[in-house]
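Here is a short briefing to read alongside the model. Keep the viewer open and follow the topics in turn.

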Amino acid sequence: MPKTPPAPSAIRTLPSWLLGRAAARGRGLVADALAGEDMKMWHHVALSAVADQGPVAQAALGRSISLDPKDLVGVINDLQDAGLVLRAPDPADRRKNAITITEKGERTLERCAEVARRANDALLAPLTAAEREQFLALLTRISGTSEGTSPDTGA
């Protein structure tokens, strides 16, 4: 990852700046790990959401991961071209598309989850196990999310 020049002294101790730097480092580590699986971050996010929610209407999927519908179409096209998801008319409303993960998608997602876990372990390596647990609990509180939900991608 390229070296970032130090921030001005007035902001480099702000929690928001530090969180942003940590998030950028984490995203970089995870993106590099996922690239080894021929997966991009948004593809991983969408595939994970399909695994959790599927079959899921394409519009609902986009809302659940906060991805613009125009961008989601490209992500779903890529996942479908790779054989990771199927897109078919939604049985509940044939005007909509429902997305379902394939067996290949499930295998890919398992590998991606493992490399993402290792990347996050590298991110948190300077912390003890107890510090990691406390850190994650505090991040959950200040992020406004509850366990098991994510308003955005943080992957």
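Contact here means heavy atoms within 4.5 Å, and helices (H or I, at least four residues) and strands (E, at least two) are DSSP runs, numbered from the N terminus. With that in hand, Ala22, Arg25, Gly26, Leu29, Val30, Ala33 and Leu34 in H1 meet Cys112, Val115, Ala116, Ala119, Asn120, Ala122 and Leu123 in H5. This is a predicted model, in which local features need pLDDT of at least 70 and side-chain atom pairs count only at pLDDT 80 or more, while totals for chains, interfaces and linings use all residues. Residues are numbered from 1 along each chain as its sequence is written, and side-chain values use heavy atoms, with hydrogens and water left out.

**Confidence**
- The chain has an average pLDDT (the predictor's confidence in each residue, from 0 to 100) of 89, and 90% of the residues score at least 70.
- Mean confidence is highest in H5, at 97, and lowest in S3, at 89.
- Take care with residues 148-155, where pLDDT stays under 50 and the model has 9 contacts beyond four places in sequence.
- Where pLDDT is low, the predicted coordinates should not be read in detail.

**Helix pair**
- H1 and H5 pack with their axes 9 Å apart, at an angle of about 145°; axes are lines fitted to C-alpha atoms, for helices over the stretch in contact, and angles run from 0 to 180 degrees between N-to-C directions.
- Their crossing is right-handed, a label used if the near helix is turned clockwise from the far one by less than a right angle.

**Sheet**
- Three strands make an open sheet with antiparallel pairing, in the order S1-S3-S2; two strands pair if DSSP finds at least two bridges between them.
- Strand S1 (56-57) and strand S2 (85-90) are the edge strands, each pairing on one side only.
- Helix H4 (residues 69-81) packs on the sheet and touches S2 and S3, with its direction making about 120° with that of S2.
- S2 pairs with strand S3 (residues 93-101) in the antiparallel sense over 6 bridges, and the two form a hairpin with 2 residues between them.
- Arginine 87 has isoleucine 99 in S3 as its bridge partner.

**Core**
- A nonpolar core is a set of buried Ala, Val, Leu, Ile, Met, Phe, Trp, Tyr and Cys residues joined through side-chain atoms within 4.5 Å. Buried means under 20% relative accessible area, exposed over 50%, and partly exposed in between (1.4 Å probe, protein chains only).
- The largest such core has 26 residues, and Leu47, Leu61 and Leu79 have the most contacts inside it.
- H2 gives the largest share of this core, 6 residues.
- Beyond its neighbours within four places in sequence, leucine 47 is in contact with residues including Met39, Leu84, Val85 and Ile101.
- Histidine 43 lies in helix H2 and counts as buried because its relative accessibility is 10%. Leaving aside neighbours within four places in sequence, histidine 43 is in contact with Val75, Asp78 and Leu79.

**Backbone points to check**
- Most residues other than glycine have a negative phi, and most peptide bonds are trans.
- Glycine 54 and proline 55 are joined by a cis peptide bond, with omega about -10°; proline 55 is in the loop between H2 and S1.
- Aspartate 38, in the loop between H1 and H2, has a positive phi near 55° and is exposed, with a relative accessible area of 76%.
- Serine 66, in the loop between H3 and H4, has a positive phi near 55° and counts as partly exposed at 46% relative accessibility.
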